[in-house]
Amino acid sequence: MSLFNVYPLFDITPVRAKDLSVYDDKGVEYLDLYGGHAVISIGHSHPEYVSAVSNQIENLGFYSNAIQNPLQVALARELERISGCKDYQLFLCNSGAEANENALKLASFHTGKKKVLAFKNSFHGRTSAAVATTDDLKIVAPLNAQHEVDFVNLGNLQGVEYILKKGETCAVIIECIQGVGGLDESTTEFYQGLEKLCKTYNVMLIADEVQSGYGRTGDFFAFQKYGWTPDIISIAKGMGNGFPVGGILIHPDIKASFGLLGTTFGGNHLACAASLAVLKVLESENLMKNADDMSAYFIEKSQNLPHLKSIKGRGLMLGLEFDFPVADLRKKLIYTHKIFTGSAKNPNLIRILPSLTIKKHHIDLFFDALKQELLLMNGM
Ligand code: PLP
């Protein structure tokens, strides 16, 4: 059997990793500034994480959601305490797309309506409703297009109101900072206005924090900087530091009933042990503060970099936008300098999504490599 060929693979085979270092099968070390799509939040193979997950599998790796799981309750409590999202209810699943799928479904159950409003350049995942709310027709199959979704430009409150006042929309789904789309965000006025409109027209406001959540931006959730309150918050990626886990935080006004949502694997014992270990390390190592500090250092180091047009994003969710397409530059960073970075929909943008344990010397290595390549480009 061969693999279904959907990923453009780099010619590297990682076999081992520690903190921000990834080692290939020949023993070559790479600096990981991408965290495997923003997944690695507390560093590869963090000792506390390894021991929590290993202990859990020795005791109980999995049992179904038909029985009590005290680890889910502990995770809900810790998430409430650390995020400050008071009295929200937690539903656990396995990925970001699944989190958004459940968030949209819940909004539709709750309001009895079926249209969704999403934003241009959004990415919410690849399952049925999640992909329909993603602004990328290439990945929407005819089957997914049955969902009725209106797309509005980020920042366009009038456009939002025009759609919501028709009374057919169950949910607005938004990434507070767009990830795949290229690190764009809007203003406090827009986010607070959006919340107001959703309340006025009885529409559920879903914050997709799959990429930006769990401390990555220096706040636990990116939306918190703007002082608004979503009805549902979706999470995944950094939550399990590599263990597949996702979830939604649900406002206390939304009532549960048996069987409304469900999953076989979601919230299993191993997933909870991994997510709890991540929260513990985030707090004990003060990693949200480190995200802020290292973000400031990134910005400081990027001053006067030739060809750099702007630096977008927040915390350790950053985009360096150049005045040329960066595909070749990223290849040089990987193959010559052994540094992983990410791409985005915007071909001129390098996405930086490292573990929140990053230190100044990692950032120095990156900028040394970048400067070397930019000077070579300029023929110097
Ligand atoms: N939402 C956002 C903002 C994302 O960035 C992603 C993945 O990149 C998803 C949802 C989908 O997550 P997953 O790939 O875990 O299904």
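**Figure 1. Separation of domain 1 and domain 2 in the predicted model.** The centres of domain 1 and domain 2, taken over C-alpha atoms, are separated by 26 Å. To the contact, domain 1 contributes 31 residues and domain 2 contributes 39 residues. According to the domain assignment, domain 1 consists of residues 14–46 + 286–377, while domain 2 spans residues 47–284.

**Figure 2. Area buried between domain 1 and domain 2.** About 2,800 Å² is buried between the two domains, and carbon and sulfur atoms give 56% of this area. On the side of domain 1, the residues that lose the most area to domain 2 are His 46, Arg 314 and Met 317. Together, these three residues account for 30% of what the domain 1 side buries.

**Figure 3. Polar contacts and salt bridges between domain 1 and domain 2.** Four salt bridges are found across the interface of domain 1 and domain 2. The count of residue pairs in polar contact between the two domains is 21. Elements that each supply at least two residues of the domain 1 side touching domain 2 are helix 1 (35–38), helix 9 (287–301), strand 11 (308–314), strand 12 (317–322) and strand 14 (349–352). Helix 9 provides the largest share of this side, with four residues. Sorted by class, the side of domain 1 that touches domain 2 comprises 15 nonpolar, ten polar and six charged residues.

**Figure 4. The salt bridge of Asp 184 with Lys 312.** In this pair, the closest N and O atoms are 3.1 Å apart.

Figure 5. Ser 275 counts as buried because its relative accessibility is 0%. When residues up to four places away in sequence are not counted, Ser 275 touches Leu 75, Tyr 214, Met 239 and Val 245.

Figure 6. With a relative accessible area of 0%, Ala 99 is buried. Leaving aside residues up to four places away in sequence, Ala 99 touches Cys 93, Ser 234, Ile 235, Gly 247 and Ile 248. Ala 130 lies 31 residues from Ala 99 along the chain, and the C-alpha atoms of these two residues are separated by 8.9 Å.

Notes. Residues are numbered from 1 along each chain as its sequence is written. This is a predicted model: local features need pLDDT of at least 70, side-chain atom pairs count only at pLDDT 80 or more; totals for chains, interfaces and linings use all residues. Side-chain values use heavy atoms; hydrogens and water are left out. Buried means under 20% relative accessible area, exposed over 50%, partly exposed in between (1.4 Å probe, protein chains only). Contact means heavy atoms within 4.5 Å. Domain bounds come from an automatic or database domain assignment. Buried area is the accessible area (1.4 Å probe) that two parts lose on being put together, summed over both. A salt bridge is a side-chain nitrogen of Lys or Arg within 4 Å of a carboxyl oxygen of Asp or Glu. A polar contact is a pair of N or O atoms within 3.5 Å; within protein, one must be able to donate a hydrogen and the other to accept it, and residues adjacent in sequence count only if both atoms are side-chain atoms. Ala, Val, Leu, Ile, Met, Phe, Trp, Tyr, Cys and Pro count as nonpolar, Asp, Glu, Lys and Arg as charged, and the others, Gly among them, as polar.
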